[in-house]
Amino acid sequence: MHPLEKCISDIKNSKSIAIMCHTAPDADALASMVALKKLIRQNLSIENEQKQIDLFVDTDEIGELNSAIVNGVELNNQHVDKYDLAISLDCASLPRLGKYAELFKNTKNTINIDHHMTNEKFAHNNLVFTTSSTCEALYRIAKIYNFEISDEVCKLVYSGIITDTNNLTQGTITVNTHKIITEMVQRKINLDALSEHFFKNNTKSKAYLLKQALDSLTFFASDRIAFMKLTKQDISECNATVEDTYGIVNHGIEIKGVDISILAIKQEDNSYQVSLRSKGDISVSEIAVSMGGGGHDQVAAFHFDGLLADLKEKLIHLCREELSRHPVEEKEALFDNSDVSPNQDINEED
Ligand SMILES: [Mn+2]
């Protein structure tokens with residue numbers, strides 16, 4: 001049976017399902033969990049049958065922006081001893097499920113739906129797509145099977161797409177991504193409200209935290225690498241949350257000439273949570289894998305146990321290697337205006 005076919009039939013035939021996502025969940029992880037639960041309820045539940053569908057995420061706190069996604073949704077409440085099926089969403093490896101990795105591993109049938117190219121295929125049935133987000137993957141599956149897709153599911157999917165692509169400016173955006181958005185616009189779903197919620201809604205604390213991060217900005221490799229650092233103490237001093245650190249790394253990659261941006265956040269146990277961004281053909285996913293993490297070509301992350309000096313030495317070395325494979329090239333003109341220049345002098349004909 002085709003893996004996707006099997007996935008749908010296994011969901012249909014399971015009376016109890018545990019859905020889970022990676023620790024420190026982002027909008028795509030949370031939105032895909034809620035969207036999948038809604039899709040199953042609307043399309044894969046036989047009448048009169050009440051499937052037990054429980055959602056799990058290992059996190060101390062879900063920030064304000066992402067709380068909107070799970071508003072009113074029950075989380076981390078195990079209603080059955082043993083689930084028929086466990087589904088992992090948006091998670092590249094088993095350890096990334098955090099404390100729910102055990103529950104996943106101990107379930108007799110497991111599915112892994114993801115869009116990280118570094119996915120370790122840790123389930124019985126692994127469905128890894130080259131989509132902008134896990135939400136987009138779910139939407140495409142729903143379309144293939146002619147599922148009923150409610151406006152609420154669309155809103156969740158759109159939230160996953162825009163947040164995982166930094167408002168459609170990076171990542172694996174394809175014709176399909178645009179098609180999905182077109183369908184949502186045609187359905188008159190208020191997408192502006194969602195964009196505003198995720199991209200024009202920074203807290204004042206986040207602005208202060210960004211100021212701190214920018215104060216720490218240093219450059220390496222002839223200014224092709226931007227490096228910023230923050231500490232947990234900075235976060236609490238700014239009255240900010242972990243969620244407020246999201247997107248700060250993008251400020252490095254937005255600088256002209258910078259090809260790799262790094263943000264290292266020192267944790268309470270003196271380890272570092274490190275985010276990476278890159279531009280064009282330069283990939284940070286292999287760098288993150290070498291450092292024990294993973295991700296996508298232009299967006300990746302890892303966790304480092306050790307001193308900042310050692311982190312910098314190892315990481316900058318790997319980045320330099322990647323940059324040496326992509327020497328700086330003269331940029332081609334974006335616009336070709338040769339058809340309207342040089343300006344013809346109207347008097348020339350006389
Ligand atoms: Mn994702």
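1. A word on ground rules. This is a predicted model, so local features need pLDDT of at least 70 and side-chain atom pairs count only at pLDDT 80 or more, while totals for chains, interfaces and linings use all residues. Residues are numbered from 1 along each chain as its sequence is written, and side-chain values use heavy atoms, with hydrogens and water left out.

2. Start with the big picture. The domain assignment (bounds from an automatic or database assignment) gives domain 1 (3–198) and domain 2 (204–324). Their C-alpha centres lie 27 Å apart. In the contact (heavy atoms within 4.5 Å) you'll find 14 residues from domain 1 and twelve residues from domain 2. About 910 Å² is buried between domain 1 and domain 2, with carbon and sulfur atoms giving 46% of that. Buried area here is the accessible area (1.4 Å probe) that two parts lose on being put together, summed over both.

3. Now look at helix H2 (residues 27–43) and helix H5 (residues 134–144), whose axes come within 8 Å and cross at roughly 20 degrees. Helices are DSSP runs (H or I, at least four residues), numbered from the N terminus. Axes are lines fitted to C-alpha atoms over the stretch in contact, and angles run from 0 to 180 degrees between N-to-C directions. H2 and H5 are therefore roughly parallel (angles under 35 degrees). Their crossing is left-handed, meaning the near helix is turned anticlockwise from the far one by less than a right angle. Among the H2 residues in this contact are Ala31, Ala35 and Leu39, and H5 brings residues including Cys135 and Leu138. By class, seven are nonpolar, two polar and one charged. Ala, Val, Leu, Ile, Met, Phe, Trp, Tyr, Cys and Pro count as nonpolar, Asp, Glu, Lys and Arg as charged, and the others, Gly among them, as polar.

4. H2 has another partner to check out: H2 and H6 pack at about 155 degrees, with axes 9 Å apart. That pair is therefore roughly antiparallel (over 145 degrees), and the crossing of H2 and H6 is left-handed. Val34 and Lys38 are among the H2 residues that meet H6, where Leu156 and Gly160 are among those in contact. The tally for H2 with H6 is seven nonpolar, three polar and four charged.

5. Finally, follow H6 (residues 151–164) to helix H8 (residues 191–199): the angle is about 45 degrees and the axes are 10 Å apart. That makes H6 oblique to H8, and H6 passes H8 in a right-handed crossing (clockwise). Tyr158 and Ile162 are among the H6 residues here, meeting H8 residues including Leu194 and Phe198.

Note on methods: Helix = DSSP H or I, 4+ residues; strand = E, 2+ residues; numbered from the N terminus. Parallel < 35°, antiparallel > 145°, perpendicular 65-115°, else oblique.
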